[in-house]
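Reader: I'm new to this one. Could you walk me through how to read it?

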Amino acid sequence: MSDLSRHKQIIEILRDRPFASVRDLQERLGVSAATIRRDIDKIDGSGAARKVYGGISALDGAAQATAFARPYDENRDLAVDAKRQIADCAATMVADGDSVIVNGGSSCFHLGVKLAERNIRLFTNSMPLAAYLGDHGKCSLTVAGGELHREPRVIYSPAQPVSFFASKYFVGAQGISPDGLLESHPLMVRSIQELSMNVDQIVVLADSRKFSIHARNVALPLSRIATLITDDGIADQHAKMLENAGVSLCVVSANGLGG
């Protein structure tokens with residue numbers, strides 16, 4: 001494949017998602033990391049897309065004031081203090097003996113860590129959380145079946161329906177809008193929708209940055225959400241949006257937000 005053909009393919013990929021990592025482009029294009037980095041440098045130099053840490057970003061994310069959705073490895077290190085406080089609050093909603101589903105994502109990972117020693121049954125599709133609980137946890141752990149998707153770090157197969165039923169489903173989101181929870185990855189949309197059918201109550205863990213992030217697909221409407229836990233950076237207009245949708249809002253105090 002010629003350099004020009006790869007550049008066209010990379011730009012085409014960015015039409016469907018705001019960011020592509022070096023690893024993802026390696027797997028999709030079948031070339032080395034060094035080749036992908038050279039391609040990114042050339043595309044950035046041409047002005048067709050923007051070189052960012054770990055990969056390449058579509059121009060609309062750079063040119064507009066609003067933020068854009070980030071991959072797991074990048075998002076994991078943002079707003080860590082807020083995520084930990086949100087996870088603390090969410091953990092108080094889990095009683096001993098409960099069965100809960102903790103979705104993939106960095107905020108949910110922090111919750112899973114806090115639940116590791118609890119007397120509960122926990123189901124997760126998160127590869128990082130499953131690995132952590134396998135080494136450190138004492139809770140009863142059920143891991144989703146299927147293939148490992150390295151971005152967004154979840155295990156999923158449409159051919160293996162989930163038979164785990166829970167009182168609460170803890171889920172994050174790449175973005176939140178009046179339309180609902182937003183995700184850029186179609187796989188996450190399908191997984192979230194399927195898991196949401198197996199629970200009594202849906203609880204969203206989302207730091208306040210998420211209200212300004214755009215992602216392409218609606219995973220769940222706000223009407224499906226019972227509670228949303230966020231930090232005190234949330235704007236009044238977004239709090240009002242949730243109130244109008246009938247979502248119970250829990251706000252934690254967090255310092256040192258990143259991103």
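Author: Tyr-132 counts as partly exposed, at 26% relative accessibility; buried means under 20% relative accessible area, exposed over 50%, and partly exposed in between (1.4 Å probe, protein chains only). A word on the basis: this is a predicted model, where local features need pLDDT of at least 70, side-chain atom pairs count only at pLDDT 80 or more, and totals for chains, interfaces and linings use all residues. Residues are numbered from 1 along each chain as its sequence is written, and side-chain values use heavy atoms, with hydrogens and water left out.

Reader: How many aromatic pairs does a search of the whole structure find?

Author: Rings of Phe, Tyr and Trp (its six-membered ring) pair if their centres lie within 6.5 Å; planes under 30 degrees apart count as stacked, over 60 as edge-to-face and the rest as tilted. The search finds 2 pairs here. Phe-109 and Tyr-132 have ring centres 6.0 Å apart and planes at 70°, so they are edge-to-face. Phe-123 and Phe-164 make a tilted pair, 5.4 Å centre to centre with 35° between the planes.

Reader: Are Phe-123 and Phe-164 buried or exposed?

Author: Phe-123 is buried at 4% relative accessibility, and Phe-164 is buried too, at 5%.

Reader: What about peptide bonds and phi?

Author: Most residues other than glycine have a negative phi, and most peptide bonds are trans. Here, a cis peptide bond joins Glu-151 and Pro-152, with omega about 25°. Arg-153 is not a glycine, yet its phi is positive, near 65°. Arg-153 is also buried, with a relative accessible area of 11%.
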